[in-house]
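Colleague: Could you take me through this structure? I would like to begin with the contact between the chains and then turn to individual elements.

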Amino acid sequence: MPIDFNITIAGSAGQGLQTIANILLKVLARSGYHLFSSQDYMSRIRGGHNFTNIRLSDKPIYSTTVSPQLLVALDQQSVDVHYKHLADPAIIIHDSDTIKVKKSKKIQDVAIPLAKLSRESGSSAYVNSAAVGALFALLRLDLNDLITFLETRFIKKSPEQIKGNINAATKGFTYTSENYTNIKINIDKARKKNRMLINGAESISIGMIAGGIRFISAYPMTPSTGIFTYITGKARKFGIISEQAEDEIAACNMVLGASAAGARTAVTTSGGGLSLMCEGISLAGAAEIPIVIANMQRPGPATGFPTRTAQEDLDLVLNIGHGEFPRFIFAPGTAEEAFYTSIHAMNLAEKYQVPVFILGDQHLIDSCITLDKLNPNKVKYKNYMVKNSDLKKPYFRYKNTKSGVSPLAYYGQDKVTFIVDSHIHTEDGHISEDMVVARKLTEKRFRKINGMKKEFYGPQYYGLKNAKTIFVSWGSTYGAVRETIDSLLEKKKSVAMIHYNKIWPFPVEESIQLLKSGKDICVVENNYQAQFNRLLKRETNIDTGEPVLRYDGRPFNVQYIIEKFEKRQK
Amino acid sequence: MTEENIFHFSGERAWCPGCGDYSILSSVEKALVNLRKKPHEVLIVSGIGQAAKLPHYINTNGFDGLHGRALPAAFGAKVANHKLMVLVTSGDGDIYGEGGNHFIHAIRRNIDITLIVHNNQVYGLTKGQASPTSDLGMVTKTQPDGVVTIPFNPLTMAITLDAVFVARSFSKEIEFTSKLIEEGINTPGFSLIDVLQPCVSFNHVNTYKWYSDRVYQLDNSYDPADKSKAYKKSSEWGDKIPIGVIYKNSRRTYLDNFIKPKDLPLIKRKTNIRGIESLINELY
């Protein structure tokens, strides 16, 4: 039997859920399991109800599931919320004194005096460490790995706190080992292979750094903040400057100023902030300034669901910025794809002097996956600025070339001067009111599309060749759709999927080629209006079937897709 | 001007005859000549408005961006290449109205740039509406009962935020203005020079004569280092309007925190692949 085990760690904000999850994930990754972990949290710092799902397997996994086999409940609410979703059988770890669990045949109740063990270790703040000790005991993980982890990762805590946490973890471990010897969890010892653990925020950040980012500016906004924080944390080491702007308008315009001066740049934001950047993005289009915009979606409109996931901004990024100008839109499906896409994005922004969007979402940003490796040599930083030897004088910033791409210099390079301008302008950047200048300038900008169409990440096909049913994913729906395909293939269904990372310029020819065998095409996306489905139909003239949609702020999972898909068949 | 004016632009200028913008342009050119700068060493950033056309009319690098957003763009350019001398020339509507928020935070950051505001107390490009600095009672097509909103005082605001160099001038005084611009450029940090300027087409209150009758140059007896006196001086408006350096101060510039003068500019830096490998290794 393949291993597929799901753990939910639940409680209120401030109870140290993330610490438990991080320790467990790290140790499991080092033990060679494949992991997928997703977060469900509320927009508050204390209280409420939050949980992390950790799914582990002996083969690569790409999504989260709904029925945990093990629940760590740090408060009563956690039991009440998750009880009905638990698998059969399931285990609940909880505090024996304060949390009650209704008896049931399917539940194995692991009641441990977590609070008491914590107090005995010196403080009531170590409940989460006692719980993680209990978890380690049940999963037959090595207590020494846990202790080493606490010693090395808690360096910011006082020696007394570290000791307290270790004591509580040891007590939780021992208590559980002694009292719950009968509980067997069916996860074989995985081979000792050290896997890396990465989330979308880290992969986009490291990709941007590898892509040569020199300046980043942002205004904090969930769920994009993780990228800004990561790059800022590495800024000094990598010769980057990071500035928290007064608003997204400033962030966008700072980045455009830096980019015009020759620095590689990016902004990070979410829908509301992106709306404020609208005019700046139009300036990038007009003045042909390279910029990478990492827009991490959450449900809107307006403030919406701050900490949840959605794919509602596709229409926005397709159209954002008044007037007409070319752009790239990428929507990577996994943290791995996000890494390489981000390097490409930094290169392509400079190569074509256009805005490049990386369209992610909370699910991509916060979900952790295990990978064997990331290869920083696979996609390389490439400099597309004009070399001094090729810099013709007088230099025309907007030289009308065959490719539409003008040689890109920086201010003062080899003593040239030039003006970057937001109006209709002549080749040397000066304001013009001439209709021929206007027409030629527009045509020049749009000639870039010919080159842009040939760039990376055409649609990827996965599943049965010439399948009758073709699912379509874009962005973070990739994982759940891929596992849906695997599940349906096991049932001998004629299915396949097409995943879109590059969304614009839309890969029309490739799409028609890949979709032609499909009798039924089903787009899966996290929005109400089926925005990608509409785009696909518009660009290919192919009729699609009823899409599978979700717009409650939660990510897809296999069960959800199959259930909706089967209903739709009838 | 004894030296050759290498900053002169020979093309057409789309300003009204008699506009104060011409004099401010001359002052900027003079200051740059006196400082012995070369055109490629200078970047002039603007937003939108009549004043914001200035980067098109001078032989330097230019960035003519969005309405109100000159200061963030100038900040970005200076951070990217700290060897560039960065000036911002834009109007009162652009800097104090549309870009008011950026004005506040640019002063707080104290990036080493010089802001020259062409303050004509009216909107020129959109034909005569009130600006944030229009005097109370000024009648326009969009303020038919006269301006009822009290004028924004950029100098007082800048002093409150401890800008390192706060000055006011009058466009007609070309030599005097150019000296203030030079001093602003030579002062490390964010310098503000608010230049009063008539709008011959739309401001029929604050005319050449109106300003000429009122402005007076501050003399040596005035100490711009005294903050409380500077406050008082900055709000002097009406029969007498002071021009000169109103406030001076010194503090670390933004980039002093991140870059040493001899460091490579950001645009010249490279990321090595080893560094990326170390980031990846942290994930195991």
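This is a predicted model: local features need pLDDT of at least 70, side-chain atom pairs count only at pLDDT 80 or more; totals for chains, interfaces and linings use all residues.

Colleague: You listed E15(A). Which strand of chain B does E15(A) pair with, and in what sense?

Modeller: E15(A) pairs with strand E2 (residues 61-64) of chain B in the parallel sense, over 3 bridges. Within this pairing, Ile419(A) has Gly62(B) as its bridge partner, and Asp421(A) has Asp64(B).

Colleague: What is the order of the strands in the sheet that holds them?

Modeller: The order is E15(A)-E2(B)-E1(B)-E3(B)-E4(B)-E6(B)-E5(B)-E8(B)-E7(B), an open sheet of 9 strands with mixed pairing. Neighbouring strands are turned by 20 degrees against each other on average, direction ignored.

Colleague: Why is one side of E15 of chain A left without a neighbour in the sheet?

Modeller: E15 of chain A stands at an edge and has a single partner strand, so one side is left without a neighbour in the sheet; strand E7 (215-217) of chain B is at an edge in the same way.

Colleague: Which strands of chain B does helix H6 of chain B lie across?

Modeller: Helix H6 (residues 174-186) of chain B lies across strands E3 (85-91), E4 (114-119), E5 (165-170), E6 (191-196), E7 and E8 (241-248) of chain B, and runs at about 165 degrees to E5(B).

Colleague: Changing topic, what domains is chain A divided into?

Modeller: Chain A is divided into domain 1 (4-179), domain 2 (198-371), domain 3 (388-453) and domain 4 (460-569). The centres of domain 1 and domain 4 of chain A, taken over C-alpha atoms, are separated by 35 Å. In the contact between these two domains, 6 residues of domain 1 meet 9 residues of domain 4. The domain 1 side of that contact has 2 nonpolar, 4 polar and no charged residues.

Colleague: Which sheet do strands E17 and E20 of chain A belong to?

Modeller: They belong to an open sheet of 5 strands in chain A, in the order E16-E18-E17-E20-E21, with mixed pairing. Strand E17 (residues 469-474) and strand E20 (residues 520-525) of chain A pair in the parallel sense over 4 bridges, with Phe471(A) opposite Cys522(A). Helix H17 (residues 478-490) of chain A packs on this sheet, touching E16, E17, strand E18 (495-500) and E20 of chain A.

Colleague: Finally, is helix H14 of chain A mostly covered or uncovered?

Modeller: H14(A) is mostly covered, with 17 of its 18 residues buried. After H14(A) comes Gln353(A), whose phi is positive, near 55 degrees.

Conventions. Residues are numbered from 1 along each chain as its sequence is written. Chains are lettered from A and ligands numbered from 1 in the order in which they are written. Two strands pair if DSSP finds at least two bridges between them. Helices (H or I, at least four residues) and strands (E, at least two) are DSSP runs, numbered from the N terminus. Domain bounds come from an automatic or database domain assignment. Two residues are in contact if their C-beta atoms, placed from the backbone, lie within 7 Å. Ala, Val, Leu, Ile, Met, Phe, Trp, Tyr, Cys and Pro count as nonpolar, Asp, Glu, Lys and Arg as charged, and the others, Gly among them, as polar. A residue is buried if 20 or more other C-beta atoms lie within 10 Å of its own, exposed if 12 or fewer, and partly exposed in between; C-beta atoms are placed from the backbone. Axes are lines fitted to C-alpha atoms, for helices over the stretch in contact, and angles run from 0 to 180 degrees between N-to-C directions.
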